[in-house]
Amino acid sequence: MTAATAAGRLVQSRMNSSYRVDNKEGVNNLVTEVDHASEKLIMDIIRKDFPDHFILSEEVGEIRMDSDYKWIIDPIDGTVNFAHGIPICCVSIGLEHQGKMVMGAVYNPFMDEFFFAEKGKGSSLNDKPIQVSGKSAVMESCFVTGFPYTYLDMPNGPLDVFGRFIRKGIPVRRLGSAAIDLCWVAAGRFDGFFEHKLSAWDSAAGFLIVEEAGGRVTDFEGNPYSPYQPQIVASNGQVHDELLRWIRDEV
Ligand code: IPD
Ligand code: CA
Ligand code: CA
């Protein structure tokens with residue numbers, strides 16, 4: 001996917017340069033000039049080859065077309081990291097066909113890591129096949145999570161769930177890029193990932209990359225995942241049911 005790598009290189013070249021930064025809804029929900037530039041580059045490449053496809057992209061929203069194909073784009077996933085010069089961010093592009101994810105590409109230019117999946121063909125990292133981990137117990141696992149820009153003050157909210165693991169000494173990281181979190185589950189670096197509130201552009205590509213690497217992705221109830229609802233649990237599959245019980249406070 002040249003769009004993901006081209007945009008990733010653009011993002012990398014602009015880190016620590018001067019660019020305009022705006023705030024979106026919520027506190028510290030940033031969007032930079034570089035998010036817009038990356039988005040434009042990706043959309044120009046896609047539209048050149050597929051001018052009649054539907055596009056859903058974080059900063060421009062929906063470009064509706066009467067098409068079976070829909071591209072779901074996050075031009076920078078990890079914008080807060082980017083704006084602070086923290087090299088943990090990526091470009092995420094997913095392709096849906098008739099409502100099902102069929103292709104996902106995530107490129108982290110700072111580690112030169114290109115994750116890719118096609119439905120039914122497995123997942124790869126820099127063209128080498130990847131697989132989820134083999135851990136089978138939550139107590140032996142290492143997880144990753146993320147937090148929404150506006151805190152969700154709700155029963156069993158993000159900090160309640162996070163605290164449950166930390167109090168028991170189970171490692172839970174917070175990288176700041178949901179797409180990278182998902183790819184690192186796919187690559188077996190993390191055994192699972194959960195987050196209370198994501199948008200389709202955060203997860204569409206990574207969701208397929210986890211599934212094609214042999215993992216499982218659901219909502220907090222264990223229902224099949226859809227990128228159009230907020231909650232996500234992604235894992236290596238083996239720890240999934242136990243992880244769901246921990247998240248729901250049923251342990
Ligand atoms: C955010 C990142 C972060 C997650 C947030 C997302 P953005 O995306 O994926 O890890 O915790 O929920 O909104 O704003 O950097 O594209
Ligand atoms: Ca995002
Ligand atoms: Ca983004």
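Ile 46 counts as buried because its relative accessibility is 4% (buried means under 20% relative accessible area, exposed over 50%, and partly exposed in between, with a 1.4 Å probe and protein chains only). That's a handy way into this predicted model, where local features need pLDDT of at least 70, side-chain atom pairs count only at pLDDT 80 or more, and totals for chains, interfaces and linings use all residues. Residues are numbered from 1 along each chain as its sequence is written, chains are lettered from A and ligands numbered from 1 in the order in which they are written, and side-chain values use heavy atoms, leaving out hydrogens and water.

**Around Ile 46**

- You'll find Ile 46 in helix H2, residues 33–49 (helices are DSSP runs of H or I with at least four residues, strands are runs of E with at least two, and both are numbered from the N terminus).
- Setting aside neighbours within four places in sequence, Ile 46 touches Ile 55, Trp 71, Ile 73 and Ile 93 (contact means heavy atoms within 4.5 Å).
- Glu 96 sits 50 residues from Ile 46 along the chain, and their C-alpha atoms are 14 Å apart.

**Strand S8 and its partners**

- Strand S8 covers residues 113–118, and five of its six residues are buried, so the rest of the structure largely encloses it.
- On one side of the pairing story is strand S7 (residues 100–108), which runs antiparallel to S8 and is joined to it by six bridges (two strands pair if DSSP finds at least two bridges between them).
- Within that pairing, Met 103 has Glu 118 of S8 as its bridge partner.
- The S7–S8 hairpin leaves four residues between the strands, and Asp 112 has a positive phi near 50° there.
- S8 also pairs with strand S9 (residues 123–125), again antiparallel, over three bridges.

**The calcium site**

- Asp 74, Asp 77 and Asp 202 coordinate the calcium ion (ligand 2) through OD atoms at 2.1 to 2.2 Å (donors are N, O and S atoms within 2.8 Å of the metal, or 3.2 Å for Na, K and Ca; water is not among the atoms, so sites may look incomplete).
- Along the sequence, the donor residues of this calcium ion (ligand 2) follow the spacing D-x2-D-x124-D.
- Asp 74 bridges the calcium ion (ligand 2) and the calcium ion (ligand 3), which lie 3.7 Å apart.
- Asp 74 belongs to strand S5 (residues 69–77) and Asp 202 to helix H6 (residues 200–212), so the pair ties together parts 128 residues apart in sequence.
- Both Asp 74 and Asp 202 are buried.
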